[in-house]
Amino acid sequence: MKDFTLDNLTDVAVEAYTKNAVSPRHAEIFSALIKHLHAFAKEVELTEAEWIEGIQFLTETGKKCDDKRQEFILLSDTLGLSMVVDAINHPKGGKGTESTVLGPFYVDGAPEVESGSNIIKRDIGGEKVLVTGTVSDAEGKPLKGATLDVWQTANNQLYDVQDPDAPEWNLRAKIKAKDNGEFSFVSEKPTSYPVPTDGPVGKLLSAAGRHAYRPAHLHFMVAAPGYETLTTHIFVDGDQYLDSDAVFATKADLVAKFEPSTDKNLATEYDLPVPFSKVHYDFGLMPA
Ligand code: BEZ
Ligand code: FE
């Protein structure tokens with residue numbers, strides 16, 4: 001019988017996980033996972049106390065998950081893993097709009113509303129913003145039948161699903177763009193906010209001396225028949241956290257200027273107080 005030693009264990013485990021794996025892709029992933037895990041433990045000379053602390057951390061992370069809270073996604077986001085996966089699957093340099101993280105606060109099934117709608121269900125004093133833009137293909141041809149799922153925090157830094165006092169679907173909707181690709185809606189200017197810190201990910205951020213803030217943004221999931229669905233944000237230009245996003249998800253091309261407007265015609269058309277804030281963004285989708 002051969003001993004398992006520090007020198008041979010990685011090779012032995014890789015062989016055990018690859019020789020009968022159900023597919024070559026499983027074998028490739030198992031092999032790399034084992035090699036990197038073992039190399040990690042060896043590099044830091046992991047102590048038994050640290051190993052058990054890691055196990056307890058992952059156990060707490062699992063316990064914090066339910067149908068409304070996904071602490072593992074938050075962990076992936078705050079470690080930068082989600083943006084590595086995003087970059088692999090949506091490489092930079094394409095002609096379409098850049099993507100970024102989905103985040104844990106997307107809720108499927110938001111009510112469909114016409115372009116031009118107001119999505120504020122409860123007004124707690126946020127600055128009103130008129131959001132306008134277009135959805136086109138990567139060459140700029142307007143796309144018919146496009147929809148934009150939007151969601152954002154309120155002025156109190158909370159998404160509706162985090163706030164027991166918020167009405168359902170507050171600051172959330174599926175906007176139907178017009179046939180010429182144009183869309184508009186009225187909302188609140190988003191504010192920067194901390195990712196949830198009441199779970200193990202909060203402890204991780206504190207232990208690393210990192211702040212938990214994300215720069216102010218509007219979330220978008222833009223879809224059109226025959227095109228790849230785009231998951232992205234528009235970030236507010238000038239936000240103090242643009243260079244230190246807790247989840248590493250900012251991209252320069254996604255930063256937009258929110259400018260004050262006193263346009264009386266627009267204020268009347270959209271029932272807005274003067275002055276209001278205005279932002280415009282043109283989305284480009286890639287063929288499916
Ligand atoms: C968000 O923008 O909603 C978000 C993204 C990643 C982690 C936490 C929140
Ligand atoms: Fe967000």
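**The iron site and its surroundings**

Modeller: Along the sequence, the donor residues of the iron ion (ligand 2) follow the spacing Y-x33-Y-x23-H-x1-H. Donors are N, O and S atoms within 2.8 Å of the metal (3.2 Å for Na, K and Ca); water is not among the atoms, so sites may look incomplete. The model is predicted: local features need pLDDT of at least 70 and side-chain atom pairs pLDDT 80 or more, while totals for chains, interfaces and linings use all residues. Residues are numbered from 1 along each chain as written, chains are lettered from A and ligands numbered from 1 in written order, and side-chain values use heavy atoms, without hydrogens or water.

The protein donors are Tyr-159 through OH, Tyr-193 through OH, His-217 through NE2 and His-219 through NE2, at 1.8 to 2.1 Å from the iron ion (ligand 2). Six donor atoms surround this ion, with angles of 54 to 164° among them, and the site is irregular.

Strands (E, at least two residues) and helices (H or I, at least four) are DSSP runs, numbered from the N terminus. Tyr-193 and His-217 are both buried, meaning under 20% relative accessible area; exposed is over 50%, and partly exposed is in between (1.4 Å probe, protein chains only).

Now for the loops. Most residues other than glycine have a negative phi, and most peptide bonds are trans. Trp-169 is not a glycine, yet its phi is positive, about 65°. The loop that holds Trp-169 runs between strand 3 (147-151) and strand 4 (172-176). With a relative accessibility of 19%, Trp-169 counts as buried.

Phe-248, also other than glycine, has a positive phi near 60°. This residue sits in the loop between strand 9 (230-236) and strand 10 (255-256). Phe-248 is partly exposed, at 43% relative accessible area.

Val-274 and Pro-275 are joined by a cis peptide bond, with omega about 0°. Pro-275 belongs to the loop between helix 7 (264-270) and strand 12 (276-285).

Note on methods: Tetrahedral: all angles 85-135°; square planar, octahedral: opposite > 155°, others 65-115°.
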